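Here is a short briefing to read alongside the model. Please keep the viewer open as you go through the points.

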Amino acid sequence: MNEWVALGVALGVCFGAAAVGSRATMPQLRRWYPSLRKPTWNPPNAVFGPVWTALYLTMAVAAWLVWRTGGD
């Protein structure tokens, strides 16, 4: 398989999993998360989207790199 196609598959799988998780939790987040007692060092809500996006992106790249080496 072409390496770039494999990267696309890895990205699709990781972001697909993110979308499924988001759809499952989003309805409750609007009520539940704001009601939690959070520490003073809790980051602002605007940070969570970019951070989770970066995490899923790095997971996809890591899976692609493992695939490229044959899993060794």
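A nonpolar core is a set of buried Ala, Val, Leu, Ile, Met, Phe, Trp, Tyr and Cys residues joined through side-chain atoms within 4.5 Å. Buried means under 20% relative accessible area, exposed means over 50%, and partly exposed lies in between, with a 1.4 Å probe and protein chains only. With those cut-offs, the largest nonpolar core here has 6 residues in all: Ala 6, Leu 7, Ala 10, Cys 14, Ala 60 and Trp 64.

Some ground rules before the details. This is a predicted model, in which local features need pLDDT of at least 70 and side-chain atom pairs count only at pLDDT 80 or more, while totals for chains, interfaces and linings use all residues. Residues are numbered from 1 along each chain as its sequence is written, and side-chain values use heavy atoms, with hydrogens and water left out.

**Overall form**

- The chain has 2 helices and 0 strands; these are DSSP runs numbered from the N terminus, helices being H or I with at least four residues and strands being E with at least two.
- The radius of gyration is 16 Å, well over the 11 Å that the globule rule gives for 72 residues, so the chain is more spread out than a compact globule. That radius is taken over C-alpha atoms, and the rule is 2.2 Å times the number of residues to the power 0.38.
- Along its principal axes, the C-alpha trace spans about 50 × 25 × 20 Å.
- Of the 72 residues in the chain, 11% are buried.
- Carbon and sulfur atoms account for 69% of an accessible surface of about 5800 Å², computed by the Shrake-Rupley method with a 1.4 Å probe, where for residues only the protein chains shown count as cover.

- Which helix gives the largest share of the core? That is α1, with 4 residues, and α1 and α2 each supply at least two.
- In soluble globular proteins, nonpolar side chains tend to be buried together.
- Cys 14, one of the core residues, is in contact (heavy atoms within 4.5 Å) with Tyr 56, Met 59 and Ala 60, leaving aside its neighbours within four places in sequence.

**The salt bridge and its surroundings**

- How many salt bridges does a search of the whole structure find? There is 1, where the term means a side-chain nitrogen of Lys or Arg within 4 Å of a carboxyl oxygen of Asp or Glu.
- The partners are Arg 68 and Glu 3, whose closest N and O atoms are 3.2 Å apart. This pair links distant parts of the chain, with Arg 68 in helix α2 (residues 48-68) and Glu 3 in helix α1 (residues 3-35), 65 residues apart.
- Side chains of opposite charge can pair when their charged atoms come close.
- Arg 68 counts as partly exposed at 43% relative accessibility, and Glu 3 counts as partly exposed at 37%.
- Not counting residues up to four places away in sequence, Glu 3 touches Trp 64, Trp 67 and Arg 68.
- Trp 67, in helix α2, is partly exposed with a relative accessible area of 40%.
- Trp 4 of helix α1 is exposed, with a relative accessible area of 60%. The C-alpha atoms of Trp 4 and Trp 64 are separated by 9.2 Å, the residues being 60 apart along the chain.
- For Glu 3 and Asn 45, 42 residues apart in sequence, the C-alpha to C-alpha distance is 36 Å.

**Aromatic pairs**

- The whole structure holds 5 aromatic pairs. Rings of Phe, Tyr and Trp (its six-membered ring) pair if their centres lie within 6.5 Å, and planes under 30 degrees apart count as stacked, over 60 as edge-to-face and the rest as tilted.
- Trp 52 and Tyr 56 form a tilted pair, 6.0 Å centre to centre with 40° between the planes. Being 4 residues apart in helix α2, they are separated by about one helical turn.
- Trp 52 counts as partly exposed at 47% relative accessibility.
- Ring pairs link Phe 15, Trp 52 and Tyr 56 into a cluster.
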